[in-house]
Each structure stands twice: as C-alpha cells, then as structure tokens.
Amino acid sequence: MHGIDLGDSYARIAWPGPDGAPVVTGATDVPATVDVTGPDGPRPARTAGARSARAGLFTGTAERPAGAWPAGAWRPTDDPFADAPLPAGPRGGALGPEALTGVVLAALARRSRECGGGTPQEVALALPAGGGGEPALRRAAEQTGLRVGQVLPESVAAALHYGAVRDGARLSVLVYDQGATGSDLSLLAVDGDRTVRVLETVSQPLGGDHWDEAVARELLRRLGSPDGPVGPLLPAAERLRLALDEAPEAWQRVPWEGAEHEVSLDRETLRALVEPLRELGAGAVGTLLETVQDRGWDVPGTLLLAGGLSEAPGTAEWLEERLGLTVRSRTPGAAVASGLALTGDFGLLRVLTGPAATRPRPTDDDPDPRGRDTSSGGSGGRRAPNASRAGRRPGPGTTAPGPARPGERRPAEERPAEEEPWRDRPWADRPGPSERPPDAAEAEAVTNADTAAAPPHHGPEQAPPRTPEPPTAPAPPAADQALHPVPVPQLRATRRDDHLLLVWAWPPDSREARVRWSLDAPDPGGLPRTGDVRCGRRSYQHDGGLDLRVGRGAVTVTVAALTPHPADPLAEPSALILPARPPLVRYEAVVRRGLPGLRGRTARLTFVADTPCELPALQVVHGLGRICPAGAADGTVLRELPARRLEARIPFTVDLPLPATRGPSWLICLPLGPDDAATELRPASLHRLKVS
C-alpha cells in the first residue's frame, strides 16, 4: 500500500521497501500547489499564481464552473500514469478542489514509478487535524484511478511512523505537526489493543510561510529596502530556508530593482530570526499540557515531531530544553507518508475522537461481570429495586402501588430524560451496561424512601416485604484511589533481534503494570534512549507478554505492578540488565548473466550492516541439491574473503564467477574460523540463497 501525504506546500508518497521499511520521496519532488496558467496545462509548481490543492479541498472552495475544460483537453480523470506530456489546457481556467488534488496525485503516482515504487493501486490518505473533507479527498483519488484503502488523521499516521502504536503498550503522546501554513498539536491516547483516541487537537496559524516572511524581511534590510514588499522575495527565502536543512550556510541570487544580488543566510541568523515564532509554538504546547492536567488526563512525556518545518536543525533540542519533554525527531517531514505506508501490514487499527466514557471496572470477586445483583434477583445496573419511584409521593386521588404479587407483571415505568443524557450521543460514545452492583447503603436508602412514600399493603395472602440483603460482593475501589508500584516476581526477557518479549507474574490485585527501559547508547535506528509505557493485564494475557522494540544495544528494564496496597519500602524494584547483541550483518546473493569480460554466470554478494562492525573472514560455499548446505563439506568453496570493516548502511559487494550446473544450487557464506560472537551473519532471505 502506498501512503500519500498531501501537504500545504509539498506532497510526498511512500511505499514499503524490500526490507519492510517505508521508502519516501524527496521533500521537494512534487509541489502541492498547482499552476493552471502554464502552456502545458495544469501542473504542480511553486509559482506566484499557483493554487493550493489542500486548502481548496478541506475548506470547500467554489467548484469548477461548467465548460472550463474544452473538448479534448486533459482532465484529472484521464490516465495519470502515462509517460507522454499532458496536452495543453486552458489558460487561466478555474479548477475545483478535487481537480487540483487530482493533478497532484497524478504527479505523485508518476514520481513513484520513477523512483522504483511501482504504479500505486491502493493508497492510504491523511486528513488534517481539523478533519472534514474526507468524501472530497476520496473522490479526487478515485477519479485519478487510485483505490483508497484507508484514511487516517495526520497525527495518527505520525504515531505509526514512530512506532508509538503497538500491541500491549498503553501511553499518551503529543504530536506536533509543523507545516507550511500552520501547526497542529494533537494529544493521542494509545491503548494496547491498537486503539488510538484523539483526545484534543489545537491548530495554530503559524508555519513555514511565517518563517519565510521573517527571512524575506531580513533580505529586504540587506538590500537597503526595509519597507519594501516581501512578496517578491518569498520564493528566495523559502529556498534559503530549505537549503539550511542540509548545509550550515546557503546562497541565493535574487533580482531586485533591475539587478541581481547574491544573498546568503546561515543557521545562526535563521535561529535568531525565528526565535519569537518558536516561542509562540512552545507556548501553545505549554497551554495544552496545562489543559491536560486540569482535565485529569495522563500527561504525555514524549513529543513526536512531524511536518517539513520540524526538520529545521536544532528544533528537537530547542523544544526539549524549553518544555522538558522527550522529543523524537526521526525524518519528521516524511513521518505522515511513512506512517501511512505502514498501514498495509499493520492490521486492525481503531481511531476514535474525544475522551472515552468513564465506566467503573468490575472487581475480580464480582459474581457477574456485568455487575448484576444476582443475590436479590435484580436485572442489573446501578438502580436498586423501585429506584425509579424513589423519593416520589403519591398525588391526590392516587394510591401508592404495593409490591408485585407472584406472577403479576407491571408496565415498565418511564425513565426521566435527564437520567439518560447519552441518548443523543454517537453509538461509539454511549455507555454500556453498568458494571457495579448497588452497594448496601444505596439499596437501603432507596428502600427506606420507597417505604416512607408508599406504605405497603398487607393482604392475607402475602407477607410483608423484607428489606433486601446487601450484596455479598465487596464494593470496587474508588476511581480516585491511589495505586502504588510494587515489584513483580518471575520477570524474564527473551530477545528477538531488536524486539524484547517481557513476561512476569502478576499480583492478584493488579490490573496494570508500568514498564520503563533505558538504552546504554543511542540506537542507530533512531529509537529513543528511554521509554515508559503502561501494560494492561488483559492485553498482556492475550498477547502472551509485552513486546518492546528496544534495538540490539544493552538495555535496562524495570517493571512495577500497580496495586492499591503499597509495597515494602525496602523492596527492590524488578529490573533486568540485558547485554548488547552482536552487530548484525545481512547478505544476499544475486546471479547475473553476460557481464562484460566474464564468461557464464556471475554471482554478486552484498553485505550490509546497520552499525559499524568487523566482518570476519568468510568462505563462500556453492552447494548442489534441494537442501541448503550447512557447512563447507556440503558443497564447493568458491572463494575465501578476508576480514574487513563495514560502515553503517554502506553495502560491500563481491563479484565471483559461478560454475555452470544443472538443477537447484545454493550460495552461502560461512565464517572461515571458529564461530565468533562479535558479529552475527545472516542472509537477508533464505530463498534468495537459492541461485538456480
């Protein structure tokens, strides 16, 4: 599945690579603004008269008038994957939002083919934080020949990119998406069953365009026109700002007052120019965190960066120092497109909006999980017998009804409307059946009120009613009862590459555990050095443990169960210290035919390591048969490779002639000396070792 991020200034497309990691196009490959006045028809471009496809799509601008496209002119519904140039379109013709979006989507599809991502068939799209516009976005994609598989909020897609949504992990994160025209803050509550709830979203009209305006005013000051218009210098300011993402200083030639001037900008100057703008953004984050505390939600300890503006050097470090949060910044400009590309193999994902309805939990000793009072034969819920008549006095001329006789049925009494405010809510937010049996005090108070309001009728055939006995189940703990961390016994861990499976024994009165981990060194894959998640007991039992992605380095893990009873003050926390795994070197073999200067077939071996390491001396073994050889005795040694050092993610290739054989054959690499635990050698895929 391809993921498409339709930004304010630029659009990106991503797809799963050979190793499963998403491949994302460049930041400025495809503009998200369309120039409709060009001689070759509408095309994505960053020109003065270009129109934003995203702004028109999600704000509901005017539709394209009838007759804007003459007969035979190119339309967004034509084949978007054709290599031929687009036919000439109408100069100055007005296009609707869906047509503008179709032009950008068609350009993204062609860019995917050019970069080796293939022709996109099914795509995942992103919605802005404000929501809305999903039907129009789907229509634009379908008219372009794409099939929409999923539509997610941009904040949820960014959380997928950072791995914040995973089984068994319960946490609260804050996504800070800084785009061209504005910034969005989204508070997400992630549950262990792949449920993401968008609790709060705050949009701020502060983005890259405002940075460009600050840079343009600085350029005007240098050109000697501090009061001049900034519009003509905005394109040059944008190019300078983007160039500073890659280099500490950038130069640009700009025309001004009939002459060309060369201007330059460095990172220190840019940092000083945008400092007030960054302060405004940090203030918005602080205000949202105060709101979270006032509402009693879990305060997030991690800030995830997204958007092209977040790629400015020093953004993550500045926010960490300013806010005191752990800021994760791993290719933030590609975060949304990368997260969307991961949805194809992610499985079921539920996205909800707004806080969840609070429901009390049943205790372990509750005889009925739905909270029914089975001791008195009630039908369940918080209402005690005759609760609907509690506190009512019979009116004039009416007789208070007595207790129901055996076999007698009475019509159900209407419940007051103010007792059911959830009837107007969506089905997803309606509360379920009550999960707490009525306690003894409530049942006794309601029964006494009924007795005072309506004296019972003592007939000869029926005995006086008895006060119902209190239920035997203990009342559940209060919702605001403090929970205390206690050590867990039998804590064990199993490492699987960069994942860690934790298992432990749960205390009887614990429903949740807090897991923390810390890496001894930075992970080359961009994983955070520290982590803190909460694991629910139900998801733990369903998954058989808690799975964490911590990399291959040395890690320290602590687990504490949350119980209503405090632990012994002298008890040590449950902790594990796991050593680092040896560096992993993956290799694969590809057979080529007819290379210049070589006869027959040639095999190319490619070795790649994620971290710098020493590749031990190897021997290349060629074996025949249907079974992959396990050692040098099962085949022929073609070559011995000396030991060498590998740099991180830089492939090392070796070409060697492959003898002509009939039938299936294999090509494997084995350590020349005794097994050395300093490096782990593994084929990228077992079936790729079969070369014929």
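Student: How do you know that the length of helix 8 fits its residue count?
Tutor: This is a predicted model. Helix 8 runs over residues 275-294, which is 20 residues. At 1.5 Å a residue, the span should be 28 Å. The end C-alpha atoms lie 29 Å apart, so the two agree.

Student: Which residues of helix 8 are called buried, and what makes them so?
Tutor: Buried means under 20% relative accessible area. In helix 8, Leu277, Arg278, Gly281, Ala282, Ala284, Val285, Leu288, Leu289 and Val292 are buried.

Student: How do you know that they sit on the same side of helix 8?
Tutor: They cover an arc of only 150° around the axis, which puts them on the same side. In general, an α-helix has 3.6 residues a turn, so residues three or four places apart point the same way.

Student: What covers the buried residues of helix 8?
Tutor: The cover includes strand 10, strand 11 and strand 12, along with helix 5, helix 7 and helix 9.

Student: Which residues are exposed on the face turned away from the buried side?
Tutor: Pro276, Leu280, Glu290, Gln293 and Asp294. Exposed means over 50% relative accessible area.

Student: Now Glu680, in strand 34. Why is its side-chain pairing with Arg552 called a polar contact?
Tutor: The cut-off is 3.5 Å between N or O atoms. The Glu680 and Arg552 side chains are at 2.8 Å, so the pair qualifies.

Student: What about Arg682?
Tutor: The side chains of Glu680 and Arg682 make a polar contact at 2.5 Å.

Technical notes
Residues are numbered from 1 along each chain as its sequence is written. This is a predicted model: local features need pLDDT of at least 70, side-chain atom pairs count only at pLDDT 80 or more; totals for chains, interfaces and linings use all residues. Side-chain values use heavy atoms; hydrogens and water are left out. Helices (H or I, at least four residues) and strands (E, at least two) are DSSP runs, numbered from the N terminus. A polar contact is a pair of N or O atoms within 3.5 Å; within protein, one must be able to donate a hydrogen and the other to accept it, and residues adjacent in sequence count only if both atoms are side-chain atoms. The expected span of a helix is 1.5 Å times one less than its number of residues. Buried means under 20% relative accessible area, exposed over 50%, partly exposed in between (1.4 Å probe, protein chains only). The arc is that of the directions from the helix axis to the C-beta atoms. Contact means heavy atoms within 4.5 Å.
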